[in-house]
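Morning, everyone. Please bring up the sequence and the model on your screens.

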Amino acid sequence: MPLEAGLLEILACPACHAPLDDRTADETPELVCTGHDCGLAYPVRDGIPVLLVDEARRPAQ
């Protein structure tokens with residue numbers, strides 16, 4: 001279930017403050033940081049983004 005556009009506009013990566021890419025329609029719903037040096041993927045559980053750096057998945061290297 002995609003997030004509302006208004007909500008996505010105000011959310012940012014807590015680590016680097018870059019915008020987030022909405023990938024909640026994927027099999028594993030998450031918001032992915034668009035920052036070139038960051039790229040953390042934050043899980044979305046029950047429609048609620050978990051924007052905690054400790055919960056984020058590191059990008060594949």
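A word on names: helices (H or I, at least four residues) and strands (E, at least two) are DSSP runs, numbered from the N terminus.

Now the ground rules. This is a predicted model: local features need pLDDT of at least 70, side-chain atom pairs count only at pLDDT 80 or more, and totals for chains, interfaces and linings use all residues. Residues are numbered from 1 along each chain as its sequence is written, and side-chain values use heavy atoms, with hydrogens and water left out.

Next, the sheet. In what order do the four strands lie? The order is β1-β2-β3-β4, in an open sheet with antiparallel pairing. At the edges are β1 and β4, each pairing on one side only. Two strands count as paired if DSSP finds at least two bridges between them. In general, strands of a sheet pair through backbone hydrogen bonds, either parallel or antiparallel.

Let's go across it. β1 and β2 run antiparallel, joined by four bridges. Asp-22 has Leu-31 in β2 as its bridge partner. Strand β2, residues 30-33, then pairs with β3 over three bridges, again in the antiparallel sense. Between β3 and strand β4, residues 48-49, there are two bridges, and these strands run antiparallel. There, Val-44 stands opposite Pro-49 of β4. The hairpin of β3 and β4 has two residues between the strands, and Asp-46 in this hairpin takes a positive phi near 55 degrees.

Why is β3 largely enclosed by the rest of the structure? Because four of its five residues, 41-45, are buried. Buried means under 20% relative accessible area; exposed is over 50%, and partly exposed is in between (1.4 Å probe, protein chains only).

Now the loops. Thr-24 is in the loop between β1 and β2. Its relative accessibility is 4%, so Thr-24 counts as buried. The Thr-24 side chain makes a polar contact with the side chain of Asp-22, at 2.6 Å. A polar contact is a pair of N or O atoms within 3.5 Å; within protein, one must be able to donate a hydrogen and the other to accept it, and residues adjacent in sequence count only if both atoms are side-chain atoms.

Last stop: Ala-18, in the loop between α1 (5-10) and β1 (20-23). Ala-18 counts as buried because its relative accessibility is 12%. Leaving aside neighbours within four places in sequence, Ala-18 is in contact (heavy atoms within 4.5 Å) with Ala-12, Cys-13, Cys-33, Thr-34 and Gly-35.
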